[in-house]
Amino acid sequence: MKKLELVGKKPGQPYTTIDVRGVQIGGDNFVVMAGPCAVEEKNVMAQIAENVVKAGGKVLRGGAFKPRTNPYSFQGYGEPGLKLLKEISNIFNIPIVSEVVDVRDIDLIAHYVDILQIGARNMQNFPLLIEAGKTNKPVLLKKGMTATIFDVLHAAEYILLEGNNSVMICERGIRTFETYTRNTLDLSAVAALKTLTHLPVIVDPSHSTGRTELVGPMMKAALAVGADGIIVEVHSNPENALCDGDQSLSLNDFDSTMQELKKMAKVLEKKL
Ligand code: PEP
Ligand code: MN
């Protein structure tokens, strides 16, 4: 049986760099993707985007279709949210990433966004992986909360098998016995993935901790451990966020952590 034929890193094989509208992900770059959990209304999005760009963020995040545990929770603005995200992307000249939850929406979402996000809950939705593999959009594949390192690598292999080589793997924390944090950020999985695959590896310090005060330290840990970037939730008014305010950095805290990351990046010879 063939194993990780496409995503596996062969001896001497260089790491893959993905170009997203001029933003390089992989190689000696450390890319910061930031924004609210869910797409918010226009003036909120504009304020967040402006500050993300100013602080050195290179990709704007925001979910228009949200995979919520509770069916009564806010489910996202849907297509109007994507339209707004695209409008903000054009105004601030920043690429966007947004989640595709349902295989039936993939063409719609691919029409608006620069990176398709496949969430932790859909990591082994094989028809969705296959359809994402048929698009020409880079894919941010989040590791499932109960998935092993090889599970996520095999999930990525499904996408590459369809001809789409632009896949990033994201560690977003796993379920453990710990309840203080929302999940347990497996930094060793990040280091392991860097030895096993040539694909860029991204860390999500927000969903992995669930607590604002832990996000900054985990952003720094991601850079230190050798990740190729982070995807982090930030909000102009976390208490009033439509979703995940408890783990969203304020614009000020994001900015000050970015200053610290820039100093670290210099020492580690990474471009930020
Ligand atoms: C998200 O990034 O918006 C998200 C829902 O994350 P995850 O799939 O990792 O839970
Ligand atoms: Mn979220």
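A residue counts as near a molecule if one of its heavy atoms lies within 4 Å of it. By that rule, ligand 1 is surrounded by R61, K66, E99, Q117, G119, A120, R121, K142, R172 and H207. Before going on, a word on what you're looking at: this is a predicted model, where local features need pLDDT of at least 70, side-chain atom pairs count only at pLDDT 80 or more, and totals for chains, interfaces and linings use all residues. Residues are numbered from 1 along each chain as its sequence is written, chains are lettered from A and ligands numbered from 1 in the order in which they are written, and side-chain values use heavy atoms, with hydrogens and water left out.

What kinds of residues make up the shell around ligand 1? Six are charged, three are polar and one is nonpolar. Here Ala, Val, Leu, Ile, Met, Phe, Trp, Tyr, Cys and Pro count as nonpolar, Asp, Glu, Lys and Arg as charged, and the others, Gly among them, as polar.

Now for some polar contacts, meaning pairs of N or O atoms within 3.5 Å. The side chain of R61 has an N or O atom 2.8 Å from an oxygen atom of ligand 1. For K142, the distance from a side-chain N or O atom to a ligand 1 oxygen is also 2.8 Å, and a polar side-chain atom of Q117 comes in at 2.9 Å from an oxygen of ligand 1. On its own, ligand 1 would expose 300 Å², and the protein buries 97% of that (accessible areas by the Shrake-Rupley method with a 1.4 Å probe).

So where does ligand 1 sit? It's in the largest pocket, given that a molecule sits in a pocket if more than half of its atoms lie within 2 Å of its grid points. A pocket, on a 1 Å grid over the protein atoms alone, is an open set of points with protein on both sides within 12 Å along at least five of seven lines; a cavity is a set where a 1.4 Å probe fits but cannot get out, and lining residues have an atom within 4 Å of a point.

The largest pocket holds about 220 Å³ of space, a volume being the space filled by probe spheres set on the points. Of its 17 lining residues, K66, P67, R121, R182 and H207 are the closest to its centre. Its lining divides into nine charged, four polar and four nonpolar residues.

There's also one cavity of 30 Å³ or more, and the largest cavity has a volume of about 40 Å³. Its lining is R61, G62, G63, K66, V97, S98, E99 and Q117.

Terms used
A polar contact is a pair of N or O atoms within 3.5 Å; within protein, one must be able to donate a hydrogen and the other to accept it, and residues adjacent in sequence count only if both atoms are side-chain atoms.
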